[in-house]
Amino acid sequence: MRHHSGTARVRTHPHAGALEPRTARARGLRRGLLVLLLSLILSGAGAAGAGAATITIATGTQAISASAPVQHGRLTTTGVASSCASPKSAPALTATSSTFPYAGVVGNNYDDTGSCLTFTLTPSCSPAEGLYSTAYLGSMQATDPAKFYLADAGVQSTAPDSFSATVPSHGFWAWVIAGPAACSSFGYTVTAPVPVATSLPSISGTASLGTQLTADNGAWPGTSGAAFSYHWLRCDSAGSNCGQEAGGYASTFTPSTADEGHTLKVQVTNTYSGASATATSAASNVVPTNPPAPKYSVATSTGHSLTPGTALLANSQGDDQIANTSLPFPVTFDGVTHTSAYASTNGNLQFVDDSGSANSDYSNSCLPASDILNMVAPYWDDLDSSTSIDPGLGIYTVTTGSAPHRTFAIEWRTASHNDTTKRFDFEILLHEDSPTISFVYGAMGESGDSATVGLQGEQNPAYDLVAGCDTAGAVVPGEQIDLTPSAPTISGTPEAGQVLTGADATYVAGITPLSSQTVWQLCDGSGAGCAAAGTGATLPLTSAMIGHTVRLASTATDPEGTTSTVSAPSAVIAAPPGPTPGGGGTPAGGAPPAGTPPGGRRGATRPRIVVLRLASASVRTNRSDALTILASASGRARVVIARQLPGRRGHGCVAPTRRNRRARLCTRLRSVRTLTVPLSAGRARIVLIKGHGLHPGRYTVTVIVTGTAGRSRPGQRSLIVRAAR
């Protein structure tokens, strides 16, 4: 991870706009804040660091130009300078009908306690000009120079002069230098007896179990070479009610299970020249809990080829880029379902909320990696897809197959950043009907010498899985790596009268003890519409279950939460086979014995349609409906789609008219489409009935199954075709 050092946020501004409030908090400061300031002084806050060396917070030179902004009136010079020990109330305004040009300096104090700042002005106007020096909390209001008053010098200075004031914790200040006229130059210095944080410390990294966090010190001007110490705090989920974190006294910290459900802060203490001050960071994200997770398994095979991508992802041609890709079907990863993901040109895919949460880090690390969570990495390395290397480089996608069995391929065509002659071609396969994530490798300039291959979820370390880390030979061209989360499995024959046996998934627990239980589910022929059907290691199949499928659901629980997973559906439950008499056969001469069905065997049971169902029984001319067919025997199904036409019996079913009210209605079927599909006994076959080419109206779908033992009785279903929207 790349880090950037903080810089002091003390800025000089010669214009009025620069002295306006920088935050809503600053704009809301009122005279009541002075009461708080007085209480801090009386409690000794202003005396912190007495006797320590002076630390310069800001210094420089400015001028008041002839075109400078002006304030209306000025404070009365009382002859007494403000100090941290003796703060003053705002003097009365005078010369309110006059205007005074001014310039100024602004800054802030992020120390956990108030800081006593000394403001020193050195006028060098030519010609000589006396200047008025005033400090404000937050900002100065030009139309009312007494508003937001903090402190002043008490005199109109022509020579160096100083005053001091305590700026409360997280307080903003503005120092205004005004004159009756323009001033060619003046010097200014802001000092303090203790270090002052002008920007907040911060926490680098996402807070999660087992992920190392790093403290950034913030900005402490004038304290180069200071010694810093750290104190990590555990807070509630809102960042309040913070307590001491046991053992958290280093610049890095790794959350433990005790931190789950909490936020973290880090206190940074700067010790410089015998004086110390402390500032506290904002709260981290809430450390997520780590419920049990299914174990992943790795299977490798060779002889595969890539599915070339056809669509180039925007922002995928370059170095260290993040490209968004919409997923053609929902993908569940780490227990969360996603409709989009973010691909890094450095060879990984991240399931995060937005591109700002994705990480383009080019420096890979072995898993678990603290920088990137929710990542699948077919080849995480310092890669470069810039068109200056090759216009054809980039990240490409393509969807193959038909719902609900589609596969989405994300293909990287890239080069090594350090040696662009080394080219790489690899991809991720996401499957609509399987939780398996597959990596496939084509031409590879290296075999994993400096790359990370694997996946990592947010439930670190439960979802960490490493297929390779800086290992030569980890991948080879033509190899496919399948990463599959554990799920319950079902064994046995799906047939009425048989018994199915279930096996639970295997889990990694966040915190032990871990317990899990399984529940049998009875579903429709497509594996949907499931309902609980019993518990236990086995499930007896009854005749009432014919035409259905079975799933096995598992629920695992540990002290941190619950995770559920479910098996793939079984094959469709079939009826038991019919009786087949022993002996017999075809008599001499080749004639079948008496009683043998046409085209079949003597005594064999002709096919029977077990399930015939239309998904919606209604389709639009630009859509399709799914017809599910399940037969008791293997064979071929003939599907005839016929349009229903009304009319009168006899004479060709003439439609009734107003003059012929006695017409007897009948239905004439006109065949418009015929399909033939193969069937396997006990396995459902889904046929798509496309509305394209059909006129709106009522239709009849007739199915006849032909097998070795003859033909089934016809099965019919009604279908309504509607116009496209």
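**Stop 1: the largest cavity**

The largest cavity in this predicted model has a volume of about 130 Å³. Select Leu75, Tyr132, Ser133, Thr134 and Asp152: of the 15 lining residues, these lie nearest the cavity centre. Now colour the strands around the space. S3 (70-75), S6 (131-137), S7 (149-157) and S9 (171-178) each supply at least two residues of the lining. What is the lining made of, by class? The residues divide into 7 nonpolar, 6 polar and 2 charged. The count of cavities of 30 Å³ or more comes to 2.

**Stop 2: the largest pocket**

Move on to the largest pocket, with a volume of about 1600 Å³. It is lined by 49 residues, and Glu432, Asp433, Ser434, Pro435 and Arg551 are the closest to its centre. Select those five to centre the view. Several strands each supply at least two residues of this lining, among them S21, S28 (423-431), S39 (549-558) and S43 (624-631). By class, the pocket lining has 24 nonpolar, 20 polar and 5 charged residues.

**Stop 3: aromatic pairs**

Show the aromatic side chains. The whole structure holds 13 aromatic pairs. Begin with phenylalanine 119 and phenylalanine 163. Their ring centres are 5.2 Å apart and their planes stand at 20°; an angle under 30 degrees counts as stacked, so this pair is stacked. The pair links distant parts of the chain: phenylalanine 119 belongs to S5 (residues 115-123) and phenylalanine 163 to S8 (residues 161-167), 44 residues apart. Are these two buried or exposed? Phenylalanine 119 is buried, at 0% relative accessibility. Phenylalanine 163 is buried too, with a relative accessible area of 3%.

Next, select phenylalanine 333 and phenylalanine 351. Here the centres are 5.1 Å apart and the planes are at 25°, so the pair is stacked. Phenylalanine 333 sits in S21 (residues 322-333), while phenylalanine 351 lies in the loop between S23 (348-350) and S24 (375-380), 18 residues apart. Phenylalanine 333 is buried, with a relative accessible area of 1%. Phenylalanine 351 is buried, also with a value of 1%.

Phe119, Phe163, Trp173, Trp175 and Tyr188 form one aromatic cluster.

One more ring to visit is tyrosine 396. The charged end of arginine 413 sits over this ring, 3.9 Å from the ring centre.

**Stop 4: a buried proline**

Select proline 195, in the loop between S10 (183-192) and S11. Proline 195 is buried, at 0% relative accessibility.

**Stop 5: S11, S12 and S15**

Follow the chain into S11 (residues 202-204), which pairs with S12 (residues 213-216) in the antiparallel sense over 3 bridges. Serine 202 has aspartate 216 in S12 as its bridge partner. S12 also pairs with S15 (residues 252-253), antiparallel, over 2 bridges. Look for leucine 213, which stands opposite phenylalanine 253 in S15.

**Stop 6: the four-stranded sheet**

Now show S14, S13, S16 and S17. In that order, these 4 strands form an open sheet with antiparallel pairing. Which strands stand at the edges? They are S14 (243-244) and S17 (275-280), each with a single partner strand, so one side of each is left without a neighbour in the sheet.

Zoom in on S13 (residues 227-235) and S16 (residues 263-272), joined by 9 bridges and running antiparallel. Alanine 227 has threonine 271 in S16 as its bridge partner. Serine 229 stands opposite threonine 269 in S16.

S16 and S17 run antiparallel and are joined by 6 bridges. The two strands form a hairpin with 2 residues between them. In the turn, serine 273 has a positive phi of about 55°.

Finish by colouring S16 by accessibility. Of its 10 residues, 7 are buried, so S16 is largely enclosed by the rest of the structure.

How values were computed:
Residues numbered from 1 in each chain as written. Predicted model: local features only at pLDDT ≥ 70, side-chain atom pairs only at ≥ 80, totals over all residues. Heavy atoms only, no water. Pairing = 2+ DSSP bridges. Phe/Tyr/Trp six-rings, centres within 6.5 Å; stacked < 30°, edge-to-face > 60°. Buried < 20%, exposed > 50% of the residue type's maximum accessible area, 1.4 Å probe, protein only. Lys NZ or Arg CZ within 6 Å of the ring centre and 35° of its normal. 1 Å grid on protein atoms, 1.4 Å probe; cavity = no way out; pocket = protein on both sides within 12 Å on 5 of 7 lines; lining within 4 Å. Points joined across faces, edges and corners; volume = space filled by probe spheres on them. Nonpolar A, V, L, I, M, F, W, Y, C, P; charged D, E, K, R; others polar.
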